[in-house]
Amino acid sequence: MIKNYFKIAFRSLWRHRAFSLINILGLAVGMTACFLIYMYVSFEKSYDSFNTKADRIFRVVTEFKTPSDEVHVAVTTPAVAFNLKNDFPEVESFVRFNTDGYLVRKGNFKYQEKESMLADSTVFSVFDFPLIYGDKKTALKEPMSIVLSQTAAKKYFGDTNPVGQQVLLTGAGINARVTGVMKDIPENSHLKADMFVSMTSYQPIYQYINPDSNWNVNNTYTYILLKPNADYHALESKLASFVELHLGSQQKRDQSKLILHLEPLRGIYLHSSYRHWGGIEAGNVSNVNIFSVVAVFILLIACINFINLTTARSAERAKEVGVRKVIGAERMQLTTQFIGESIIISLFAFVLAVLLCALLMPLFNQLAGKTISADIFSKPVNIISLFILAVAIGVVAGIYPSLVLSSFKPVNVLKGRFSSGTQGLLLRKGLVVFQFAISIMLIIGTIVVYTQLGFMRNQDLGFSKEQTMVVNTNYDKNKDAFKQSLSAIAGVLSSAYSSAVPGTNIPVAHSQIENKAGQMQVANIDVYFVDFDFIKQYGMHIVAGRSFSREFATDTANKMVVNESVVRLLGYSSPEQAIGKKFEQWGRKGEIIGVVKNFHYKSLQEEIKPLTMRIEPTGFGMLSIKLSTTNLSSTIKEIGKKWEQAIPHRPFDYSFLDESFDQQYRAEDRFGNLFFNFAVLAIFISCLGLLGLASYSTIQRTKEIGVRKVLGASVSNIVNLLSLEFIKLVVVAFLIAVPVAWFGMHKWLMDFAYRTNINWWVFVLAGVAATFIAFITISFQAIKAALTNPVKSLRSE
C-alpha cells in the first residue's frame with residue numbers, strides 16, 4: 001500500500017512538472033532563508049555557552065548614582081573581586097580583566113596588540129580557554145608572564161613552541177616571558193583577546209598599588225565563579241552591605257551611591273546594557289528577535305504557496321479521487337496519500353535547501369559579519385532538527401489541501417458536476433493577501449532601515465571629521481616631538497592631541513560643578529583631555545566664553561570647557577550663565593571658561609550627554625591630523641617618515657576619522673543588508689506563488705480568453721482582465737500591511753536617540769513597488785495567454 005502511495009505521488013509530481021518545480025523551488029528558497037536565519041539566531045544565542053561552568057559564572061557590574069544622574073558600567077574597581085572571594089564563602093573563584101593595547105616587540109618585529117588583557121591566573125580554570133602549551137594553573141602566576149592565542153603565537157614565533165621565549169612589552173620595553181599558548185578564543189565568546197598578561201604585572205606596568213586593594217579606579221571587568229547550587233540572587237541581595245562595609249565613607253564623601261549587580265554569563269552578549277570599554281563584544285537582542293519573526297514569515301509564505309497551488313489544482317485530481325472512492329478508498333487513506341505527497345515535496349525542498357545553505361554560507365557570513373561554520377550540518381542533532389522541521393512543514397502545508405481533495409463526493413465528480421466552490425477561491429485569495437502583506441511589510445521595513453542609516457550618516461555631527469587622520473601614540477614620551485615635526489609637511493594643515501576622538505570610548509569622571517543655586521552639584525560626567533588646538537581643528541562652535549588659549553598660562557591647570565548638556569544639567573537658562581563657575585574633577589579645581597555647542601561624540605543611537613574638556617598633557621595620546629586633499633598619498637608617506645624618526649619603536653598605525661566613526665554603525669549596516677536580502681527572498685517566493693496561480697488561472701480561462709478574442713478583445717484588454725483580479729489582492733494586502741509595518745518600525749526606531757520620521761512616501765514607494773512586481777509577474781502569463789491563437793483553444797467546441 002505504502003509503495004503504491006509513493007508510486008502515485010511520484011507519478012503525479014512528474015506529470016505536473018512545472019507546478020512541482022514551483023512548489024519545490026518556493027519551499028526550498030523559504031527553507032534556505034529559514035535555515036540561515038536559524039543558524040544565525042542559534043549562533044547569537046550560543047554566546048559563551050561553550051564554557052562548561054557557564055551557569056555558575058557571573059559578571060559583576062556597577063551602577064553609580066548621584067543626585068544628578070545614573071551611570072551603568074560593566075567594570076568595577078580591581079579590589080571588588082578579591083574581597084568578594086574573601087567575604088562570601090559561596091564565591092569559589094574570580095577572574096579580572098583589564099583591557100589595554102600593549103606594544104609587543106620581538107627583534108625588528110613590532111605590533112600593537114589591540115586585543116590584549118591583563119588577567120588573573122584563574123582564567124583558565126574558570127573559563128574554557130584550553131592551553132596547547134603550558135600549565136593552566138601556573139601560566140599567569142608570575143609577573144610579566146604572557147599567554148598567546150594560536151594566531152598571535154604564529155604571528156610572533158611561526159610554528160615553533162614559544163613557551164620560554166621572551167618579548168618586550170609596552171613602550172618601556174619591559175621583558176615578558178611566554179608561558180603558554182591557548183587555542184583561539186571561540187567566535188561566540190563575548191570576551192575577545194589574543195594575549196593575556198598576568199594580573200601580577202599590574203604594578204610593574206602601571207606603577208599602581210596592588211590591585212587587590214585598589215578601590216579607586218573603575219577599570220576592571222570582574223567575573224566570579226559561584227560554588228555549585230549557590231543562589232546568585234541571594235548573593236546579589238548581600239552586595240549592598242558589602243559596598244557599605246568597604247566604600248561607605250567614600251560614598252558619603254563623594255555624595256554618590258554605588259550599587260553592584262550580577263549578570264549571568266550567557267546573558268551578557270545579548271542582554272547587557274552596561275557601558276563597556278574594549279575587549280567585549282555586544283549583540284542586539286531586538287535584531288535577533290526581528291530575524292526570528294522574518295524567518296517564520298518567509299516560511300509561512302512558502303507554505304502558503306504550496307497550499308494555494310495544490311488547492312487550485314484540485315479540479316484536475318477530482319476524477320482520480322472519485323474513482324478511488326468508488327473502488328473502496330477511505331477518506332483517511334486519501335488524506336494520508338496527499339499528505340505523503342506534500343512531505344515528499346518538502347523533503348525534496350529540504351535537500352535542495354541544505355545544498356543552498358552550504359553554498360551561500362560564505363556570502364551569508366560576509367553579510368552578517370560572523371564566522372558561522374557550515375559544520376552545523378555535520379552535527380546529527382542539527383540535521384535531525386532541520387529534517388523534523390522539513391517534515392513538519394510538509395504536514396502543515398499538506399493538511400488543508402489533503403482534506404479538500406479527500407472530501408470530494410464521487411457521484412458529483414464522476415457525473416461531471418464538480419465545482420471547486422467559492423470557499424476554496426476565497427481562501428486562496430486570502431492567503432495571497434497574507435503573502436503580499438508580509439512582503440510589503442518587509443519592503444517598508446527595508447526602506448525605513450536604510451533611511452535611518454542614511455539619516456545617521458548625513459546628520460550634522462557638530463564637528464568636522466573629513467580629511468582627518470588619527471594616530472594613536474599610546475602616550476609615548478616622544479609624542480610632542482612627533483607633533484612638532486609635522487609642521488614641516490606641506491600637506492598637514494593642523495594637528496591636535498586629545499585623550500579620545502569622536503566615536504571612541506571615553507572615561508566618566510566624578511565631578512562637582514557649581515549649579516544655578518550656587519551649590520557644588522555632584523555628577524558623573526564624560527571627560528575629554530584636549531590640547532589648545534583640538535576645539536579649533538574640529539570646527540566646534542563656542543557659544544559662550546572662550547576656548548583654551550596659549551595666551552593664558554592657567555588654562556593648563558584649572559580651566560574647563562563644557563558642552564550645552566552640562567549647562568542644562570546645572571539648571572542654567574543660557575550658556576553665558578555657566579562662565580566663571582567653579583568645578584572640582586579628579587583632584588583638579590578651577591573654573592569654566594567656555595561652552596561648546598553640543599556635538600555628537602558618540603553614536604546617534606545615544607543622546608548627547610554632558611561632556612567636560614580639560615587640558616591634561618599627560619592624559620592624551622590620540623593625535624588628529626588635518627590633511628590637504630592634494631597629494632594625499634605622499635603626505636601620508638611623509639608622516640610615516642616623521643613617525644619613524646620620532647617614535648621608531650612603535651608601528652605606524654593610523655585610521656581616518658570619518659571611516660572609524662562610521663564603524664559604530666557596522667551592526668546596523670549588517671542588519672540592513674540582511675533585512676534587505678531576506679525581504680527580496682520573501683518577495684521572490686510570493687511572486688513564485690503568484691506566477692503559479694496566474695498560470696493556473698490562465699489555463700482555466702483558456703476558452704473564455706479565446707471567445708473574448710474572437711469577439712474583438714485586444715491584447716491589452718485580456719492582460720487587464722487577468723491582472724486586475726490579482727492587483728486588487730495586492731491593494732488589500734497593502735492596506736493591511738501599512739499600519740502593522742508602521743507600528744513595528746516605529747518601535748525599532750525608538751532604540752535611536754536621533755531618528756528619522758516614517759514619511760508617507762515610504763508607504764507609497766512600498767505599495768508601488770509591490771504592485772509593479774506583482775503586475776510584472778502576472779503579465780508574463782497574461783500576455784502569453786493573450787497572444788495565443790483563439791482557434792487552438794476553441795477547436796474542440
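**Exercise 1.** Determine how the lining residues of the second largest pocket divide into nonpolar, polar and charged.

*Solution.* The lining comprises 13 nonpolar, three polar and two charged residues. In this division Ala, Val, Leu, Ile, Met, Phe, Trp, Tyr, Cys and Pro count as nonpolar, Asp, Glu, Lys and Arg as charged, and the others, Gly among them, as polar. The model is predicted: local features need pLDDT of at least 70, side-chain atom pairs count only at pLDDT 80 or more, and totals for chains, interfaces and linings use all residues. Residues are numbered from 1 along each chain as its sequence is written, and side-chain values use heavy atoms, with hydrogens and water left out.

**Exercise 2.** State which helix gives the most to the lining of this second largest pocket, and which residues lie nearest the pocket's centre.

*Solution.* Step 1: α10 (285–312), α15 (421–458), α22 (666–700) and α24 (715–749) each supply at least two lining residues; helices are DSSP runs (H or I, at least four residues) and strands likewise (E, at least two), numbered from the N terminus. Step 2: α24 gives the most, with seven residues. Step 3: of the 18 lining residues, Ile290, Val293, Gly744, Met745 and Trp748 lie nearest the centre.

**Exercise 3.** Give the strand order of the open sheet of four strands and identify its edge strands.

*Solution.* Step 1: the order is β13-β21-β12-β22, with antiparallel pairing; two strands pair if DSSP finds at least two bridges between them. Step 2: β13 (492–498) and β22 (654–656) are the edge strands, each pairing on one side only. Step 3: six bridges join β13 to the antiparallel β21 (residues 622–627), and Ser495 has Ile625 of β21 as its bridge partner.

Key
1 Å grid on protein atoms, 1.4 Å probe; cavity = no way out; pocket = protein on both sides within 12 Å on 5 of 7 lines; lining within 4 Å.
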